[in-house]
Amino acid sequence: MQRRKLIKNLGVGAVAAGALAACSEQSCEEGGAADKGRASKGKTFKWKMVTTWPKNFPGLGTGAQYLADLIPQMTGNRVQVKLYAARELVPAFEVFGAVSAGTAEMGHGAAYYWKGKHPATQFFTCVPFGFNATEMSGWLQFGGGMQLWEELYDKFNLIPNEAGNTGAQMAGWFNKPINTVDDLRGLKMRIPGLGGEVIKRLGGAPVNLPGGEIFTSLQSGAIDATEWVGPYNDLAFGLHQAAKYYYTTPWHEPGPTLEAIINKDAFAELPADLQVAVRAACRVANSQMLAEYTARNNAAMNSLVNEHKVNMLPLPTVVTDELRRVSDEVVAEIAQHDELSQRIYKSYEAFREQTVTYSRISEQAYLNVRNPA
Ligand code: CA
């Protein structure tokens, strides 16, 4: 049996070798590609991964490191990845350009940081009142979202992947109570992206600050409010020592997807099995980070409430109703940018309509019966 199998295998190999020998590179593309695949089978690829995160920053930086460690484990060390934290090789906001140009083969960050390259990138992290983490994966993997993301990034010589999610983020820390929309007028708040645009249209003054400057700005009164992530990261920054009111209602970042971007030329050099493994590793990193945030946020919330006596409050409905109305306007405006933005917006909205209806009778219905008010 063993011997027959061995002979059979040798036979197949001999036919394949004969076919390859019989054609030149130009006249036998298929054989040439197979030959190239075989030649690169034993090759080791050494990749650089640049990130927008500080080294080992809880959840985000550690999530990127998890992916950098997982890829060699899943490829038998044939793809090795060295991670560079923000500013180690390039500054945080140059990650996209560096991977696009091939300075690094891979990057970890968030698509909405690149809205200056194209405003529709924001759909692939999150938009206010948009998808939560599981709905986002549903749209990307089965709702046509990933094809649109690939089409958008193709212009930049990049392949996108979902590679992390923080889950729903808290509304943020405020130094005064927010009872009506009027309380947002003149409010200097650190809140980036579309959420910031919404605050601006309601009379606030949004600013964007890197994570490392948030605490001192809030404590000194340079800003009146800030959003950051959620209990896990907010506790680590000590934001409870700098502001009195912690508004929890998630609205602006309901389930932001973090991305792993890959330079297209570097990806094309990988044999097919390594291409599959690298993209699969990104998916594993995506669910790993969401699980980490789910567990750590619970624990950090307990610490904030019980040890630090933080007052966690929901935003009043009169405020969230206005936030939702303005958010819908701001998101719809992205569609005006170009034809691709319009297709992305249409796909996103069609999926959102379905998911809003279905979530009412599934997750929302379940959470309502599990956690009665
Ligand atoms: Ca945030």
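1. The side chain of E105 makes a polar contact of 2.7 Å with the backbone nitrogen of K48. This is a predicted model, and the points below should be read accordingly. E105 belongs to the loop that runs between helix 4 (95-101) and strand 3. With a relative accessibility of 17%, E105 is classed as buried, because the class covers values under 20%.

2. The surroundings of E105 draw on several parts of the chain. Neighbours within four places in sequence being set aside, E105 contacts K46, W47 and K48, together with V99, I261, I262, N263 and A266. Separately, the C-alpha atoms of E105 and K264 lie 8.4 Å apart, while 159 residues separate the two in sequence.

3. The aromatic residues deserve a point of their own. The count of aromatic pairs comes to 23. One of them joins F129 and W251, whose ring centres are 6.2 Å apart and whose planes make an angle of 40 degrees, a tilted arrangement. F129 is in the loop between strand 3 (106-109) and helix 5 (133-142), and W251 is in the loop between strand 9 (245-247) and strand 10 (257-263); the pair therefore ties together parts that are 122 residues apart in sequence. Both partners are buried: F129 has a relative accessibility of 19%, and W251 has 4%.

4. A further pair is formed by W228 and F237. Their ring centres are 5.0 Å apart and their planes stand at 10 degrees, so the pair is stacked. W228 is buried, at 14% relative accessibility.

5. A ring also takes part in an arrangement with a charged group. The charged end of K82 is placed over the ring of Y84, at 5.1 Å from the ring centre.

6. Which order do the strands of the open six-stranded sheet follow? The order is 7-6-8-5-9-11, and the pairing is mixed.

7. F174 stands opposite Y245, a residue of strand 9.

8. Two residues call for a check of backbone geometry. N56 is not a glycine, yet its phi is positive, near 55 degrees. This residue lies in the loop between strand 1 (45-51) and helix 3 (60-74). Is N56 buried, partly exposed or exposed? Its relative accessibility is 45%, and N56 therefore counts as partly exposed.

9. R87 is found in the loop between strand 2 (79-84) and helix 4. Its relative accessible area is 71%, and R87 is therefore exposed, the class for values over 50%.

10. The last point concerns the cysteines. How many disulfides does the structure hold? The number is zero. A disulfide is a covalent bond between the sulfur atoms of two cysteines. As for individual cysteines, C126 is buried at 4% relative accessibility, and C282 is buried with a relative accessible area of 0%.

Methods:
Residues are numbered from 1 along each chain as its sequence is written. This is a predicted model: local features need pLDDT of at least 70, side-chain atom pairs count only at pLDDT 80 or more; totals for chains, interfaces and linings use all residues. Side-chain values use heavy atoms; hydrogens and water are left out. A disulfide is a pair of cysteine sulfur atoms within 2.5 Å. Buried means under 20% relative accessible area, exposed over 50%, partly exposed in between (1.4 Å probe, protein chains only). Rings of Phe, Tyr and Trp (its six-membered ring) pair if their centres lie within 6.5 Å; planes under 30 degrees apart count as stacked, over 60 as edge-to-face and the rest as tilted. Helices (H or I, at least four residues) and strands (E, at least two) are DSSP runs, numbered from the N terminus. A charge sits over a ring if NZ of Lys or CZ of Arg is within 6 Å of the ring centre and within 35 degrees of the ring normal. Contact means heavy atoms within 4.5 Å. A polar contact is a pair of N or O atoms within 3.5 Å; within protein, one must be able to donate a hydrogen and the other to accept it, and residues adjacent in sequence count only if both atoms are side-chain atoms. Two strands pair if DSSP finds at least two bridges between them.
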